[in-house]
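Let's take a walk through this structure, starting with a pair of helices and ending at a ligand. Have a look at it first.

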Amino acid sequence: MTHPAPIPGGPLIRTRDLCKIYSLQDGTGDDTVDTQVLFDVSLAIDRGEFVAIMGHSGSGKSTLMNLLGCLDTPTSGHYWLEGHDIAALSDDDLARVRNRSIGFVFQGFNLLRRMTALDNVAAPLLYAGSTRAQARSRARELLERTGLGRFAAHQPTQLSGGQQQRVAISRALVNNPPLILADEPTGNLDTQTSHEIMAIFEQLNREEGITVVLVTHEDDIAARARRLIRLQDGRVVHDGGIGA
Ligand code: ADP
Ligand code: MG
């Protein structure tokens, strides 16, 4: 596999003029209506940053996260992740970069219901070709790290929301990614549990240098980040310190 050499040393994430337009069928099914939901988003996020993205519902937060996570492609604009020009990668290379570089955490946890916590965390390693023993040993280590070692044999329905999110965070860490993208990771959790989950992200950021970019609705959650990006109607209207 050949792909363009990444530019070393630059920011972890760099975007220039990212735009996203969704085309939807109109009511009659004969025509499409274009709706632009992101406008010229240009950002640089360095290694080790802890960034909160805020904005009203529908302001484009998840759309932006999906682009940053290489789960979707922009209509126009550029995106470099760890120096890789994402648009220039083949599907295989893109999948490789995504698996190696990004851990995803979602509001709804996205765990497999019939599997134990341990197997949920081990699953991505098994898909990637690890032996069962290797995968399980690594999964156990990651569950210990998020404080869930004792619950390895529990299935998601036997865990609280906060515990399920810890499993999801453990799973996000399996490939040692430099970046965690979390879309409203505390959206389904009570205040106390939300702060416990935030403490885990803070620890990963502070102690392991993992870059954290998370979407939240709550001011007190965002206040724990060091940088705030605010979206309004698909545009970045604030990028800087907390408290604006
Ligand atoms: P947020 O996460 O800030 O609530 P989203 O990024 O989910 O906002 O959505 C931004 C806008 O894009 C909304 O108006 C939404 O309806 C629209 N949108 C999101 N996903 C799609 C899609 N797959 N197709 C069409 N429109 C979409
Ligand atoms: Mg959203």
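Start with helix H5 (residues 161–172) and helix H6 (residues 191–208), whose axes come within 10 Å and cross at roughly 20°. Axes here are lines fitted to C-alpha atoms, for helices over the stretch in contact, and angles run from 0 to 180 degrees between N-to-C directions. Because angles under 35 degrees count as roughly parallel, H5 is roughly parallel to H6. Their crossing is right-handed, meaning that the near helix is turned clockwise from the far one by less than a right angle.

Keep in mind that this is a predicted model, where local features need pLDDT of at least 70, side-chain atom pairs count only at pLDDT 80 or more, and totals for chains, interfaces and linings use all residues. Residues are numbered from 1 along each chain as its sequence is written, chains are lettered from A and ligands numbered from 1 in the order in which they are written, and side-chain values use heavy atoms, with hydrogens and water left out.

Now for ligand 1. Among the residues around it are Tyr 22, Val 37, His 56 and Lys 61 (a residue is near if one of its heavy atoms lies within 4 Å). Which element gives the most to this shell? That's H1, with three residues.

Some polar contacts (pairs of N or O atoms within 3.5 Å) stand out here. A polar side-chain atom of Thr 63 sits 2.6 Å from an oxygen atom of ligand 1, and a polar backbone atom of Ser 62 is 2.9 Å from an oxygen atom of the ligand.

Definitions and conventions:
A polar contact is a pair of N or O atoms within 3.5 Å; within protein, one must be able to donate a hydrogen and the other to accept it, and residues adjacent in sequence count only if both atoms are side-chain atoms. Helices (H or I, at least four residues) and strands (E, at least two) are DSSP runs, numbered from the N terminus. Angles under 35 degrees count as roughly parallel, over 145 as roughly antiparallel, 65 to 115 as roughly perpendicular and the rest as oblique.
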